[in-house]
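Please open the structure in a viewer and keep the sequence beside it.

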Amino acid sequence: MNTERVIPGTQAIARAARLLRLVTAAGDDGISVSDVAHAADLTRSTTHRLLSALQVEGLVDRHEQTGAWLSGPELYLMGTVAAARYSVPALARDVVRSLAARTEESAFLSVRRGDESVCLVREDGSFPIRSFVLSEGVRFPLGVASAGLAILAFLPADKCEAYLSSASDLRERYGAAHSIAQLRARIAETRDRGYALNPGLIVEGSYGIGAAVFDSEGRPAWALSLTGVQFRFGADRLPMLGRALLSHAHQLTGILASRPRP
């Protein structure tokens, strides 16, 4: 059943939600109305009208000097209320911090949200050269960043195949390395290795590895990941990084599986 024909206003709500995700994913730098319109496949005038309506409600804000759109104060207030129910970032932060300290690289927790992975927590390691591909709120389609590849690889086979059959645009959006054939090969490698490797496929020279974190029913609902510059992920360090990542992912799986249900 097409819910957009049954529930009045569905399209407008979906568009507004899409804009909110794009604005929050842009982080502290914000995003221009033109970039939002392009990413959302909307006209500039429609995008500006929707953003202005969201601004009136306090859900987005606009930088006075640059004109960039930013997350609004109401999103913060809503987030603080939701945090009591979705307590995963608070429970995971010590594990993410421990992983960053152990490896000296930037460590992250991401969550599966439909066909995307969304970064929830970032902790920087002590190594002074860092990758800034990920930060809180940034999202990628499953299979693109190492976190999303780890989640995708350990989904049930039918769900993984269903996603691959609908992801033909990844090559166009992220380059030839994201063809379905190459993605299948990386999925197989991830299953064999136990963790995913992204060898600079999003930003040249920025490497990442990710390991799935499972819920109480054995589903890959989150992922821990590490990112850094290429020479820090060479053959001399990669086995150590992988072991540390898998150990922390196993620890976090146990913590989250035993947490009280909301």
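**Before starting**

This is a predicted model, in which local features need pLDDT of at least 70 and side-chain atom pairs count only at pLDDT 80 or more, while totals for chains, interfaces and linings use all residues. Residues are numbered from 1 along each chain as its sequence is written, and side-chain values use heavy atoms, with hydrogens and water left out. Helices (H or I, at least four residues) and strands (E, at least two) are DSSP runs, numbered from the N terminus.

**Stop 1**

Select R93 and E123 and display their side chains. These side chains meet in a salt bridge, with N to O at 3.1 Å. The term denotes a side-chain nitrogen of Lys or Arg within 4 Å of a carboxyl oxygen of Asp or Glu. The pair connects distant parts of the chain, since R93 belongs to helix α6 (residues 88-103) and E123 to strand β4 (residues 116-123), 30 residues apart.

E123 counts as buried because its relative accessibility is 15%. R93 is partly exposed, with a relative accessible area of 28%, and R97 is also partly exposed, at 38%.

**Stop 2: R237 and E105**

R237 lies in the loop between β8 (220-229) and α11 (238-257), and E105 in the loop between α6 and β3 (106-113); the two are 132 residues apart and so link distant parts of the chain. R237 counts as buried at 14% relative accessibility, and E105 is buried with a relative accessible area of 2%.

Salt bridges that share partners join R93, D94, R97 and E123 into one network. By the rule given above, the count of salt bridges comes to 13.

**Stop 3: the cysteines C119 and C160**

Select C119 and C160. C119 is buried, with a relative accessible area of 2%, and C160 likewise counts as buried at 2%. How many disulfides does a search of the whole structure find? The search finds zero, a disulfide being a pair of cysteine sulfur atoms within 2.5 Å. A disulfide is a covalent bond between the sulfur atoms of two cysteines.

**Stop 4: A150**

Centre the view on A150, which is found in helix α7 (residues 146-153). A150 counts as buried because its relative accessibility is 0%. Which residues does A150 contact, leaving aside its neighbours within four places in sequence? They are T190, A196, G210, A211 and A212, where contact means heavy atoms within 4.5 Å.

**Stop 5: the largest cavity**

Select V133, N198, I202, G208 and T227. Of the 14 residues that line the largest cavity, these are the closest to its centre. On a 1 Å grid over the protein atoms alone, a cavity is a set of points where a 1.4 Å probe fits but cannot get out, and a pocket is an open set with protein on both sides within 12 Å along at least five of seven lines; lining residues have an atom within 4 Å of a point. Grid points are joined across faces, edges and corners, and a volume is the space filled by probe spheres set on the points.

The structure holds one cavity of 30 Å³ or more, and the largest cavity contains about 110 Å³ of space. The largest share of its lining, three residues, comes from β7. The lining comprises seven nonpolar residues, seven polar and no charged. In this scheme Ala, Val, Leu, Ile, Met, Phe, Trp, Tyr, Cys and Pro count as nonpolar, Asp, Glu, Lys and Arg as charged, and the others, Gly among them, as polar.

**Stop 6: the second largest pocket**

Finally, select L22, A39, R139, R173 and Y174. Among the 15 residues lining the second largest pocket, these lie nearest its centre. The pocket holds about 420 Å³ of space. Four lining residues, the largest share, come from α2. The lining of this pocket has nine nonpolar residues, no polar and six charged.

Definitions and conventions: Buried means under 20% relative accessible area, exposed over 50%, partly exposed in between (1.4 Å probe, protein chains only).
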